[in-house]
Each structure stands twice: as C-alpha cells, then as structure tokens.
Amino acid sequence: MLLEDIREELVFYGKQMIHSGLVMHTGGNLSIRDPKSGLIVIKPSSLPYETITPEDVPVIDQDGKVIEGKHKASSEWPMHTLIYRNKPHVMSVVHTHSIYATACSIADIEIPIIQTGLAIHSSQSIKIVPFEIPGSIELGEKVIEFLSESNVVLLKNHGPLAIGA
C-alpha cells in the first residue's frame with residue numbers, strides 16, 4: 001500500500017480530532033503531504049472518523065487526481081491542494097468544526113492572541129476568511145490570501161483551518 005505510514009498517521013490524528021470534540025461524525029478534514037513524493041493523503045469523503053482505516057485513505061496528487069484508494073477524497077481537496085501548491089513548506093492541513101472557533105467564525109469575531117499557546121501559531125489575531133462555498137476553488141484562493149499572514153485562519157460560518165510543517 002502506497003504511503004502506508006502516512007495513512008496510518010492520518011487515521012490516528014482523525015481519531016484524536018473526534019475524541020477531542022474538534023469534529024463530529026464525518027465533519028472537518030485533514031491531509032498530510034509526503035515530503036519525498038509530494039503526494040497527499042487526505043481524509044476520505046463521507047466516512048466517519050471512527051471507522052476509517054489506512055486502506056480507506058485516498059492518496060492524491062497536487063492536482064487532486066486519485067493515485068490510490070477506493071474512496072473519494074474529502075470534498076475540500078481543492079483547498080488542500082491549492083495550499084500545498086502555493087506553500088511548499090507546508091506538510092499538513094487540518095480543518096475542524098470545533099464549537100467555539102466555529103461560533104467565532106459565525107459571529108464575525110476574530111480570535112485575539114491572549115494566550116501564549118496561540119502566539120506560537122500566529123503573531124496576530126486569527127482572521128476570518130470571507131465566506132465561499134465549501135469545496136470550491138474560490139474558498140481555497142481566499143484561504144491562501146489569508147494564510148500569507150498566519151498559519152491559522154477561521155473560515156466564515158465554517159470553522160478553523162491550520163497549516164504546518
């Protein structure tokens with residue numbers, strides 16, 4: 001199986017997200033880019049985190065083409081691949097539907113840097129990316145624009161997104 005270790009890692013972190021209350025059922029998504037091949041493992045579409053196995057996790061290229069896997073990639077694959085194409089240092093993307101951050105995105109409240117833990121990830125308040133249809137290229141383009149200033153953003157009416165090496 002291609003990129004088995006990275007697929008296992010994605011399954012592990014997906015389960016951590018659901019157990020931590022950051023997502024429910026099938027919501028949110030995460031992906032990891034392989035630094036050697038540039039291929040991306042991404043959460044499969046519409047599968048509950050609790051049932052996902054490494055074999056369920058699709059491997060896609062940076063254009064979203066499925067290289068291996070029996071399931072469709074997350075509907076947010078356009079945003080993930082656009083981030084990877086525009087930010088070569090990024091090796092992971094995580095998008096959750098955490099309750100408080102999502103509430104802030106709905107209420108149009110940026111999250112201020114009032115705690116040192118946040119300061120590690122952002123030097124300024126966490127900005128809200130204007131609403132675009134989830135899964136659209138337009139959403140990915142807006143996210144790229146806002147990620148020029150920070151590694152964490154809020155997607156309007158949708159939830160937080162973070163990138164990392």
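**Glu 55**

I looked up the exposure of Glu 55 and found a relative accessibility of 42%, so Glu 55 counts as partly exposed, where buried means under 20% relative accessible area, exposed over 50%, and partly exposed in between, with a 1.4 Å probe and protein chains only. Glu 55 lies in the loop between β2 and β3 (59-60); for the element names, helices are DSSP runs of H or I with at least four residues and strands are DSSP runs of E with at least two, numbered from the N terminus. I then listed the contacts of Glu 55, leaving out residues up to four places away in sequence, and found Met 1 and Lys 70, a contact being heavy atoms within 4.5 Å. From C-alpha to C-alpha, Glu 55 and Glu 8 are 8.8 Å apart in space, while 47 residues separate them in sequence.

**Basis of the model**

I note that this is a predicted model, in which local features need pLDDT of at least 70 and side-chain atom pairs count only at pLDDT 80 or more, whereas totals for chains, interfaces and linings use all residues. Residues are numbered from 1 along each chain as its sequence is written, and side-chain values use heavy atoms, with hydrogens and water left out.

**Whole chain**

I counted the elements and found 5 helices and 8 strands, which follow one another along the sequence as α-β-β-β-β-α-β-α-α-β-α-β-β. The radius of gyration of the chain, taken over C-alpha atoms, is 15 Å, close to the 15 Å of the globule rule for 165 residues, so the chain is as compact as a globular protein of that length; the rule is 2.2 Å times the number of residues to the power 0.38. Along the principal axes, the C-alpha atoms fill a box of roughly 45 × 30 × 30 Å.

I also checked burial, and 47% of the 165 residues count as buried. Among the contacts with a separation of 6 or more, 57% join residues 24 or more positions apart. The accessible surface comes to about 8200 Å², with 58% of it belonging to carbon and sulfur atoms, the areas coming from the Shrake-Rupley method with a 1.4 Å probe and, for residues, only the protein chains shown counting as cover.

**Nonpolar cores**

I next asked which residues of the largest nonpolar core touch the most other members. Of its 19 residues, they are Ile 83, Val 143, Leu 155 and Leu 161, a nonpolar core being a set of buried Ala, Val, Leu, Ile, Met, Phe, Trp, Tyr and Cys residues joined through side-chain atoms within 4.5 Å. The elements giving two or more residues to this core are β2 (40-42), α2 (77-86), α5 (137-146), β7 (152-155) and β8 (159-164), and α2 gives the most, with 4 residues. Apart from this core lies another of 16 residues, among them Leu 30, Leu 39, Tyr 49 and Ile 52.

**Helix α2 and Ile 83**

I looked at α2 residue by residue and found 7 of its 10 residues buried, so α2 is largely enclosed by the rest of the structure. The buried ones are Pro 78, Met 79, His 80, Thr 81, Leu 82, Ile 83 and Tyr 84. Neighbours within four places in sequence aside, Ile 83 is in contact with Val 90, Val 93, Val 143, Ile 144, Leu 147, Leu 161 and Ile 163.

**Ile 32**

I found Ile 32 in strand β1, where its relative accessible area of 13% makes it buried. Not counting residues up to four places away, Ile 32 touches Ile 6, Glu 9, Leu 10, Leu 39, Ile 40, Val 41, Tyr 84, Met 91 and Ser 92. The C-alpha atoms of Ile 32 and Ala 103, which are 71 residues apart along the chain, are separated by 27 Å.

**Positive phi**

I kept in mind that most residues other than glycine have a negative phi. His 25, in the loop between α1 (4-19) and β1 (29-33), has a positive phi near 55° and counts as exposed at 54% relative accessibility. Asn 157, in the loop between β7 and β8, has a positive phi of about 60° and is partly exposed at 41%.

**Glu 132**

I located Glu 132 in the loop between β6 (128-129) and α5 and found it partly exposed, with a relative accessible area of 21%. Beyond four places in sequence, Glu 132 touches Glu 138, Leu 139 and Lys 142.
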